[in-house]
Amino acid sequence: MRTQQAAARGALTYKEIGEQPAALRDAYEEALRRKDWAQAYLADPSVEQTLFIGSGSSYYQSITMAATYRSWLGRDALALPSSDLLLIRKQVAAEDKKTVVFGVSRSGESTEVVKALESVRGLPDWKLAGATCYPESSMAALGDSLAAKLGQEKSTVMTKSLASMIVGIQTAIASVSGNEARLADMAAVVENQADRVREGEKLALELVQSRHFDKTVYLGLGAMFGIAQEGCLKLKEMSNTWTESYGTLEFRHGPKSIVDPHTCVIVLVSEQSRAAELKVAQEMKEYGAHVVVVTAKAGDDTAFADTVVPTGLPDAADEARAAATLPFLQYYGFYTAMLRGVDPDNPRNLTQVVRI
């Protein structure tokens, strides 16, 4: 399906998006093998505070990880930018609570996450852990890390790495949840990702070829809010396009004023809030936007949408479908870059690892 134009530019990014099925399966199987890790860092009943920290895409996936932890384990968790824990710790965390902090970093070398972990490793009753694709990294040396090795990438923009780390952590959470349905959900996500990659590319290419948009807005709630922010970043990084992301209903409180017929609004629907979110999507359609609904399945209630992206797994937990939404979002960024003559393998001003 890949166009001839994409042959020279974006070769790495294109290849790595397509490698997600194998990367997700590897991360899933590694999480199952490391049940002891999940017990130690996710299931300790004495832990009072659980933090997921990351920077950029790693922070956005931390939002999804923390939402999954809260929903599946019924315990509190918080996602933070690494710099918050490093620079303003007393504003964002309680130092006197028994805490597990998970660093999230593809490379395990991002300066902010490494320094943030170093800054708290001497605190009493704080344990350090992590999620990475590089088990020999500096971050992994600081805290016992779950490694998604097939998520390792050569490209700057995170694609399969992010999807595989999310699946690894979600599988680990499911493994200690006491709920066999959550483990079945993760198995189904892994099994179906090849379909999501194939369909996601087809729908993204059709959308990009059909219209030019001045702006794209991404909307989502809970675990899908982290994915909305990540989708927004993928388009921005790959194509140098200005985009925005919001909580779905929050978008109605002022930001919707930017919507016009040159706007694409992508709504990542959580099934538990389906009716409310589709109402927002339909309102954006009435303002003239091209509306994309990413949902478990199409129905009469999505007939108004210009594009429907089915993720499948309608009986799975909302959080489990997070990775299933990613191929479409990544290909949308990729093919927008191709249309604009931008090379997603070499995004402007960016490097694979951010050091300070």
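Visitor: Which residues of α9 meet which residues of α10?

Guide: In this predicted model, Val167, Gln170, Thr171, Ala174 and Ser175 of α9 meet Arg182, Leu183, Met186, Val189 and Val190 of α10. The contact residues divide into 6 nonpolar, 3 polar and 1 charged.

Visitor: What makes α9 roughly antiparallel to α10?

Guide: Helix α9 (residues 160-175) and helix α10 (residues 180-210) pack at an angle of about 155°. Angles over 145 degrees count as roughly antiparallel. Therefore α9 is roughly antiparallel to α10. Their axes are 8 Å apart, and α9 passes α10 in a left-handed crossing.

Visitor: Why does tyrosine 14 count as buried?

Guide: Tyrosine 14 has 16% relative accessibility. Buried means under 20%, so tyrosine 14 counts as buried. Tyrosine 14 lies in helix α1 (residues 11-18). Tyrosine 14 and serine 155 are 141 residues apart in sequence, yet 9.4 Å apart in space, C-alpha to C-alpha.

Visitor: What makes β2 and β5 edge strands?

Guide: The open sheet has 5 strands in the order β2-β1-β3-β4-β5, with parallel pairing. β2 (78-81) and β5 (144-147) each pair on one side only. Neighbouring strands are turned by 25° against each other on average, direction ignored.

Visitor: Why do β1 and β2 count as paired?

Guide: Pairing needs at least two bridges. Strand β1 (residues 49-54) is joined to β2 by 4 bridges, so the two strands pair. They run parallel. Phenylalanine 52 has alanine 79 in β2 as its bridge partner.

Visitor: Which strands does helix α4 lie across?

Guide: Helix α4 (residues 57-73) lies across β1, β2 and β3 (99-104). α4 runs at about 155° to β1.

Conventions:
Residues numbered from 1 in each chain as written. Predicted model: local features only at pLDDT ≥ 70, side-chain atom pairs only at ≥ 80, totals over all residues. Heavy atoms only, no water. Axes fitted to C-alpha atoms, helices over the stretch in contact; angles between N-to-C directions. Parallel < 35°, antiparallel > 145°, perpendicular 65-115°, else oblique. Left-handed = near helix turned anticlockwise from the far one by under 90°. Contact = heavy atoms within 4.5 Å. Nonpolar A, V, L, I, M, F, W, Y, C, P; charged D, E, K, R; others polar. Buried < 20%, exposed > 50% of the residue type's maximum accessible area, 1.4 Å probe, protein only.
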